[in-house]
Amino acid sequence: MALLKGLFSLMVLILIVLSVLFVDFVYKTFSLSQRDVHADAIVVLTGGRGRVEEGVKLYRAGQGKLLFLIGVDPLVKKHELYQGAGAENVYLEKTSRNTLENAIYARDMIMKHKVSSIKLITSRYHMKRSTILFRNAFPKDIAIYPHPVDSSNLKEEWWNHKGSFKLLFSEFYKYCILRVFFLFAPGELRPIITN
């Protein structure tokens, strides 16, 4: 009987801790704001509405010298996403299919172009997970400025919207797994730089 009470208390404690962590995750997700900073490059994780448009807008406004569109469908041509002045500094990455691959392939492109700072664009709900992956994949001396884009599938009143709750909880779950992984393997994704 004492064992059952102990297990029950432990389960309640775990649920309380997870609930607090989830609320903190949601609060920080909605607290992220776009900062008016210039970077060497703008990196857009494609796949969500408004991301590419935001990246193109910032690039045209001179907030980055290079524009990297990461995770583009292999059938899409550059002129379908970007036309006009500056097209020679717009690069498409068409191999990656998930956020981890986005970070690794983007890192290779960024390092090839000797970039020291990036503005990272993705959907608001996706930003915390993307940022932790990019920070662990990129060399420490590359500055990463998160630039979240709002999307219609995430409502501010997430507790009243089943789809928003599921989306946030799914991201929270994936984020927690990454936090635990990088707790035991910090810098595991960073490249080994040799002279």
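Predicted model: local features only at pLDDT ≥ 70, side-chain atom pairs only at ≥ 80, totals over all residues.
Two packed helices are in general described by the angle between their axes and the distance between the axes.

On the helix 5 side, select Lys128, Arg129, Ile132, Leu133 and Asn136, which meet Glu171, Lys174, Tyr175, Leu178, Arg179 and Phe182 in helix 6.

The structure as a whole holds 14 aromatic pairs. One of them joins phenylalanine 22 and phenylalanine 165, whose rings sit edge-to-face, 5.5 Å centre to centre and with 75 degrees between the planes. This pair links distant parts of the chain, as phenylalanine 22 belongs to helix 1 and phenylalanine 165 to helix 6, 143 residues apart. Are the two partners buried or exposed? Phenylalanine 22 is buried, with a relative accessible area of 7%, whereas phenylalanine 165 counts as partly exposed at 37% relative accessibility.

Stay on phenylalanine 165 and turn to tryptophan 158, with which phenylalanine 165 forms a stacked aromatic pair, 6.1 Å centre to centre and with 15 degrees between the planes. Tryptophan 158, at 14% relative accessibility, counts as buried, because buried means under 20% relative accessible area.

Next, select the residues that touch the most other members of the largest nonpolar core, which has 34 residues: Val43, Phe68, Ile110, Ile118, Leu120, Phe134 and Phe138. Helix 1 (2-31), strand 1 (39-45), strand 2 (64-70), helix 4 (99-112), strand 4 (117-123), helix 5 (127-137) and helix 6 (162-184) each supply at least two residues of this core, and the largest share, 6 residues, comes from helix 6. In soluble globular proteins, nonpolar side chains tend to be buried together.

Which residues does valine 43 touch, not counting residues up to four places away in sequence? Centre the view on valine 43 and you will find Phe68, Ile70, Ala106, Ile110, Ile118, Lys119, Leu120, Ile121 and Phe134 in contact with this residue.

For the last stop, select Leu58, Leu67, Val76 and Val149, which are among the 14 residues of another core that lies apart from the largest one.

How values were computed:
Residues numbered from 1 in each chain as written. Heavy atoms only, no water. Core = buried A, V, L, I, M, F, W, Y, C linked by side-chain atoms within 4.5 Å. Buried < 20%, exposed > 50% of the residue type's maximum accessible area, 1.4 Å probe, protein only. Helix = DSSP H or I, 4+ residues; strand = E, 2+ residues; numbered from the N terminus. Contact = heavy atoms within 4.5 Å. Phe/Tyr/Trp six-rings, centres within 6.5 Å; stacked < 30°, edge-to-face > 60°.
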